[in-house]
Amino acid sequence: MIKINYNKVILKTQDDVFVYPIGDLHIGHINCDLNFIQNYLNTIKQTDEESNRVLLMGDLLDCGLKDSIGGSVYENILTPQEQIEVIVNILKPIANRIDGYVQGNHEYRIYKNTGIDVCKNVCRI
């Protein structure tokens, strides 16, 4: 049996709700543009909190390992720990708008190989 975690979100607005999906950032990869990501998050931060929500869709971190298919540890400029610290720090200002986080295969790869639950660490913000 699969356990599904969920939260009920009650919004107090009568306005339209805008959902900003954020995923496939691959923080730590050599081609990741942290300035672009930070500007995008700053744009969200400047909007109305109640009617602008965020869903995290996975692969926020690259977390390349030696045995990774495709990209590997050799294409990462940050260690997995540094990647976790970066994502936590850049998401903190909008933490109260984040309504969910779907684990991606990159987060799962870290959990499977090390037992470190990236999603759990990020969700503590």
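User: Quick one to start: which residue in E3 is the bridge partner of Val54?
Analyst: That's Ile98. Keep in mind that this is a predicted model.

User: Noted. How many bridges do E2 and E3 pair over, and in which sense?
Analyst: Three bridges, in the parallel sense.

User: And E1 with E2, how many bridges there?
Analyst: Five, again with parallel pairing. One spot to look at is Pro21, which stands opposite Leu55 in E2.

User: What gets the chain from E1 to E2, and what's the handedness?
Analyst: The path goes through H1, and the β-α-β crossover it makes is right-handed.

User: Let's zoom out to the sheet. What's the strand order?
Analyst: E1-E2-E3, as an open sheet of three parallel strands. The edge positions belong to E1 and to E3, residues 98-101; each has a single partner strand, so one side of each has no neighbour in the sheet.

User: How much are neighbouring strands turned against each other?
Analyst: On average 20 degrees, ignoring direction. H1 packs on this sheet and touches E1 and E2, with its direction at about 160 degrees to that of E1.

User: What's the overall makeup of the chain, in helices and strands?
Analyst: Four helices and three strands. Along the sequence they run β-α-β-α-β-α-α.

User: What percentage of the residues is buried?
Analyst: 35% of the 125 residues in the chain. On contacts, if you take pairs at least 6 apart in sequence, 78% of them join residues at least 24 apart.

User: OK, the core. Which residues touch the most other members of the largest nonpolar core?
Analyst: Ile22 and Ile87, out of 25 residues in that core. At least two core residues come from each of these: E1 (18-22), H1 (34-45), E2 (52-56), H2 (80-91) and H4 (118-123). H2 gives the largest share, with five residues.

User: What does Ile22 contact, skipping its neighbours within four places?
Analyst: Quite a list: Tyr40, Leu41, Ile44, Val54, Leu55, Leu56, Met57, Gly58, Leu60 and Ile94.

User: How far apart are the C-alpha atoms of Leu41 and Ile22?
Analyst: 9.4 Å, for two residues 19 apart along the chain. Leaving out residues up to four places away, Leu41 touches Ile22, Ile90, Leu91 and Ile94.

User: Switching to H3. Which of its residues are buried?
Analyst: H3 spans residues 105-114, and its buried residues are His106, Glu107, Arg109 and Ile110.

User: Why say they line one face of H3?
Analyst: Because, looking down the axis of H3, the buried residues fall within an arc of 155 degrees. In general, an α-helix has 3.6 residues a turn, so residues three or four places apart point the same way.

User: What covers those buried residues of H3?
Analyst: The cover includes H2, E3 and H4.

User: Last one: which residue just after H3 has a positive phi?
Analyst: Gly115, with a phi of about 85 degrees.

Key:
Residues are numbered from 1 along each chain as its sequence is written. This is a predicted model: local features need pLDDT of at least 70, side-chain atom pairs count only at pLDDT 80 or more; totals for chains, interfaces and linings use all residues. Side-chain values use heavy atoms; hydrogens and water are left out. A nonpolar core is a set of buried Ala, Val, Leu, Ile, Met, Phe, Trp, Tyr and Cys residues joined through side-chain atoms within 4.5 Å. Buried means under 20% relative accessible area, exposed over 50%, partly exposed in between (1.4 Å probe, protein chains only). Contact means heavy atoms within 4.5 Å. Two strands pair if DSSP finds at least two bridges between them. Axes are lines fitted to C-alpha atoms, for helices over the stretch in contact, and angles run from 0 to 180 degrees between N-to-C directions. A crossover is right-handed if, with the strands pointing away from the viewer, the path from the first strand over the helix to the second runs clockwise. The arc is that of the directions from the helix axis to the C-beta atoms.
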